[in-house]
Amino acid sequence: MRRKKLWGLLFLTAAAVGMLAGCSTKGGETAGGAKKDGGQQKVTIAVWNEPNKDEALNMYAQAEKATGIKVEVTVIPESDYSSKLNQMVSTGDNSADIYVIWENDIANFAKAKGIIPMDDYLKNSSVKTGDFIYAVSALSAGLGGTYGLPWCAATELLFYNKDMFDAAGISYPDNNWSYEDYKSAAEKLTQKAADGTTKLYGCTLPNTQTWWAGIGGAGDQVYDPSKGQMVIGDGAVSFVSDVAAMAKNGVMPEPSSDTADLFASGKAAMSWQGSWNIGTYGSSLPFQWDIATIPTDKVKYNTLHTGFYSINAKSKNQDAAFKVIEYLMGEEGQTINSKSSGNPSAIKSIAEKGAWKVESATTIKNWDAMTDSLKAGVFGYTCLPSGVTNNAVSEFNAAVLGQKTPEEAVKKADAYARETIGY
Amino acid sequence: MIMKKESSKTAKKKKLMNHLTAYAFCAPWMVGFVCFTLFPIAFLFAVSLTNRKLSGVTQFIGLANYVNMFQSATFWNSIRVTLFFTIVMMIVTTVWAVVMALLLNYRQRLNGLFQFCYFLPSVIPTVALAYTFRTIFGKEAGLLNGIISALTGKNVMVNWLYDSRTVYLALFFITLFTYNTGQMMLIFRSGLNDVPRELYEACEIDGASPLKKFFRITLPMISPIILFNAVMGCISALNGSFALLYPLTGENGDPNGMSQVLSLLIYKEAFSNMKVGYACAMSVILFLIACCFGIGIFAISKKIVYYEN
Amino acid sequence: MKSAKMKKRASRILVFMMKILVGIIMFSPIIWVLTGSFKTLTEFTSSSGIFPQKETVENYKYIFYHSNYVLYVRNTVLLMAGTTAGTLISSSLVAYPLARMEFPGKNLIFSLIVGTMMIPNIALIVPQYIMFGKVGWLDSLLPMIVPAFFAYPYNVFLFRQFFRSIPKELDEAATMDGCSRIGIFFRVLIPLSKSTFTTIGVLSCVFWWNELTQPVFYINSDKWRTLTIALMTTFMYTSGNAFVINWPSIMAASTLMILPPMLLYLFGSRFLVEGIKTSGLKG
């Protein structure tokens with residue numbers, strides 16, 4: 001009797017689990033097919049950023065209200081966003097209807113027919129496709145159809161702690177600051193303890209994005225659109241050497257395992273970061289801060305960032321997906337996005353209205369830094385596969401730690417890029 | 001005569017039935033073996049001869065992947081790191097497990113509490129362990145630097161996981177907390193309990209020191225268990241290093257590729273660079289390395305079987 | 001004589017001190033995780049003190065109120081239950097003839113099983129990934145649950161060891177009573193090896209609770225994330241800045257993940273500890 005019970009129990013669990021697992025996937029599939037709970041349509045959108053917690057600033061929640069279509073957000077972290085999206089497209093996954101696609105992937109996805117051209121939809125829509133900033137329309141033009149609509153135009157900026165500049169008696173950075181100005185200021189701002197360890201850093205270490213701003217500023221092309229290749233050389237060597245020297249002198253922190261935002265915690269006076277951090281910081285920093293353009297070395301350079309709203313070719317409710325995109329690309333959607341993230345719209349006439357001047361960031365005076373940066377912004381490293389750029393940054397970090405010379409690091413990064421992109 | 005024939009026939013039939021029953025019981029494994037092991041192995045070799053990308057685009061390119069791989073410094077570095085990491089991890093964790101088992105088998109008060117403390121880290125999920133140690137070994141506000149600073153009175157700022165001089169020290173220290181170590185500790189404990197008391201008593205009469213007792217009796221008695229578990233540990237190190245190192249040092253095996261074991265490189269090539277064919281060529285090498293370890297185990301386990309009999 | 005006693009006592013104290021030291025080393029990460037989960041991000045990244053200066057429960061609040069925590073727990077439990085049920089059923093079935101019956105090819109099958117035990121899963125995961133992609137199982141738990149129903153070599157091996165330890169005379173007696181081969185399995189072996197089933201079940205659950213590698217490869221979207229994946233995705237960047245890891249949030253999620261194994265150890269140590277002891281002892 002008990003044996004039977006035991007076996008019955010085992011089989012029951014097995015069957016239940018099998019059913020659950022089977023049904024859930026099947027459920028997912030059928031939901032992907034019709035996506036109707038109680039007559040309401042549902043659209044799933046894949047992004048890498050958490051939606052804003054304030055509902056008024058959450059464009060997806062607002063899109064849901066405006067269109068009557070349920071909008072669900074799947075967040076995939078930035079570190080493996082590109083990789084996971086590539087997997088989803090290659091397997092014909094239909095769990096997301098809308099992808100926000102990065103610059104380096106859109107051409108591949110279009111070629112692989114993982115996303116659909118939206119030209120037919122756009123004919124009768126209110127999206128101002130003729131009004132995109134130049135770089136975006138140039139990138140789209142190469143695809144032979146409108147496969148994606150830019151969700152914003154972001155850029156890189158110099159964030160600085162006004163209080164520390166005041167304390168050190170140094171004048172604030174402006175948009176004409178040269179790279180030399182920046183380096184000498186960083187040195188002066190650094191404060192050391194008696195035993196030689198740094199208490200206050202002049203500047204934070206470049207992150208995976210702003211390494212490329214420095215390298216481009218030092219005169220390298222970074223990305224060659226005609227060949228799709230990474231182009232780094234003397235500029236990279238000089239910038240990596242500079243960073244290595246600054247880290248050695250304690251002006252910058254070394255790369256370390258417990259990565260932390262030293263600027264936000266008041267342990268670094270300057271930081272090169274993406275413009276979206278204006279929205280993140282808002283009023284949460286316990287000190288006065290402002291922004292400026294990335295200091296100009298040989299050329300004025302920073303990377304333009306965007307993402308493209310695209311419709312999954314496998315999606316069963318593309319019409320609803322476009323409706324949501326239309327809202328997000330419209331004035332209201334773009335304005336909410338700018339307000340919450342601090343990123344200007346890629347549509348010129350909307351950007352001009354200045355919704356991106358984040359209201360909570362009251363200490364910012366130099367809003368021109370954003371417009372100036374956008375003017376200089378070009379698509380750069382973001383068009384390269386993430387494995388290649390991450391590998392390069394890992395090489396640069398090794399040089400900063402003194403494990404190899406900057407020349408070696410740049411050479412190895414370059415060789416790896418050739419080996420990988422040519423595959 | 002006829003009767004006999006008849007009975008042998010039924011016996012044969014019965015035997016056949018028995019065999020068929022046995023095969024029926026084995027069927028799940030056979031299906032699984034063909035679908036989830038044999039076919040993937042064949043497929044692995046086939047894909048390694050193509051330039052398959054993650055998107056599925058495929059073209060036969062012969063041995064080009066292997067040629068590129070054997071010319072790549074990244075690959076050779078990774079092979080070195082894999083062998084080094086696997087073997088040293090095996091030695092370090094085994095020794096630590098033996099030490100803990102010996103300590104716990106020394107009958108004293110609070111042994112239950114000690115075993116709890118010694119064993120619990122091994123059931124922490126590896127991801128959690130990796131992130132915990134990223135902060136313990138942190139440079140600016142890490143626990144270890146904090147402790148050393150407090151003890152020495154100086155402001156110590158060692159960049160444990162990024163300094164090429166300390167990174168292996170830190171990594172192998174972390175492996176002491178993995179499931180493998182805890183498992184081995186428990187196994188060695190029961191192994192130690194099985195050592196006959198009389199042997200020790202005989203030795204004590206001779207007036208041998210504890211150290212001598214350990215090397216003369218304990219070690220030889222439990223060495224087969226240690227050996228077997230150590231080599232099994234190699235396999236789980238090959239397999240488990242991904243779960244530990246991916247959250248700990250990332251797919252590039254920072255710093256400077258010093259912790260980039262083959263499994264990390266495979267993941268990076270397949271999913272960050274979308275070079276699935278190339279990643280398969282690397283998997284073939286990993287497979288062959290595992291086979292070498294496997295043959296080693298067979299050689300050893302034969303000895304153990306002999307010992308048991 | 002007295003000095004010998006003193007010496008013995010001194011060595012006992014020495015051993016006890018060593019035990020305490022090792023205990024502190026081994027247990028410190030757990031303390032660090034626990035106290036870290038109550039710190040703010042700023043404090044966590046700027047001070048190395050063990051105890052928080054100002055406790056906050058924000059990290060836990062985020063996990064319970066703002067993330068799909070229940071979903072992740074459901075996925076993990078589903079994964080654990082599915083794989084464990086699968087492996088218990090299939091592995092015990094396969095182990096039975098290997099332990100109790102004679103048939104041609106037995107040795108070959110057994111060597112193959114031991115052989116596949118030696119192949120690290122990671123070597124075959126890329127072709128398996130492509131395969132499961134073709135069947136359309138990616139981004140679900142199926143690539144992990146389905147193979148469990150086709151016997152894991154290691155568990156077959158364990159079951160075989162246990163079955164072999166049961167006296168064969170019982171089989172013979174059962175055969176005399178008219179039991180068939182199948183009957184012996186269900187009526188003799190299974191009732192006698194209940195503890196074995198629990199042991200292997202517990203070990204399997206612990207393994208899948210902690211498993212990261214396979215979910216990393218197979219799961220893309222939020223709806224199938226397990227707790228381990230959520231730890232390195234959902235709970236990692238909760239500060240809003242994609243480059244700033246929210247350490248205290250990870251620590252809080254880790255604390256919650258450590259709790260079940262800890263309770264298992266405290267209340268089910270019989271299964272966990274004894275299970276591990278018996279599982280790896282013999283070649």
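1. The contact between chain A and chain C takes 32 residues from chain A and 33 residues from chain C in this predicted model. On the chain A side, helix H1 (2–34), strand S3 (70–75), helix H3 (81–90) and helix H11 (277–281) each supply at least two residues. H1(A) gives the most, with eight residues.

2. By class, the side of chain A that touches chain C is made up of twelve nonpolar, twelve polar and eight charged residues.

3. Chain C also meets chain B: 77 residues of chain B are in contact with 70 residues of chain C. Helix H1 (residues 2–47) of chain B gives the most to the chain B side, with 18 residues. That side has 55 nonpolar residues, 21 polar residues and one charged residue.

4. As to secondary structure, chain C has 14 helices and zero strands. Its pattern along the sequence is accordingly written α-α-α-α-α-α-α-α-α-α-α-α-α-α. The radius of gyration of chain C is 24 Å, well over the 19 Å that the globule rule gives for 283 residues, so chain C is more spread out than a compact globule.

5. The C-alpha trace of chain C spans about 75 × 75 × 30 Å along its principal axes. Of the 283 residues of chain C, 51% count as buried.

6. Regarding contacts within chain C, those with a separation of 6 or more were considered, and residues 24 or more positions apart account for 72% of them.

Terms used:
Residues are numbered from 1 along each chain as its sequence is written. Chains are lettered from A and ligands numbered from 1 in the order in which they are written. This is a predicted model: local features need pLDDT of at least 70, side-chain atom pairs count only at pLDDT 80 or more; totals for chains, interfaces and linings use all residues. Two residues are in contact if their C-beta atoms, placed from the backbone, lie within 7 Å. Helices (H or I, at least four residues) and strands (E, at least two) are DSSP runs, numbered from the N terminus. Ala, Val, Leu, Ile, Met, Phe, Trp, Tyr, Cys and Pro count as nonpolar, Asp, Glu, Lys and Arg as charged, and the others, Gly among them, as polar. The radius of gyration is taken over C-alpha atoms; the globule rule is 2.2 Å times the number of residues to the power 0.38. A residue is buried if 20 or more other C-beta atoms lie within 10 Å of its own, exposed if 12 or fewer, and partly exposed in between; C-beta atoms are placed from the backbone.
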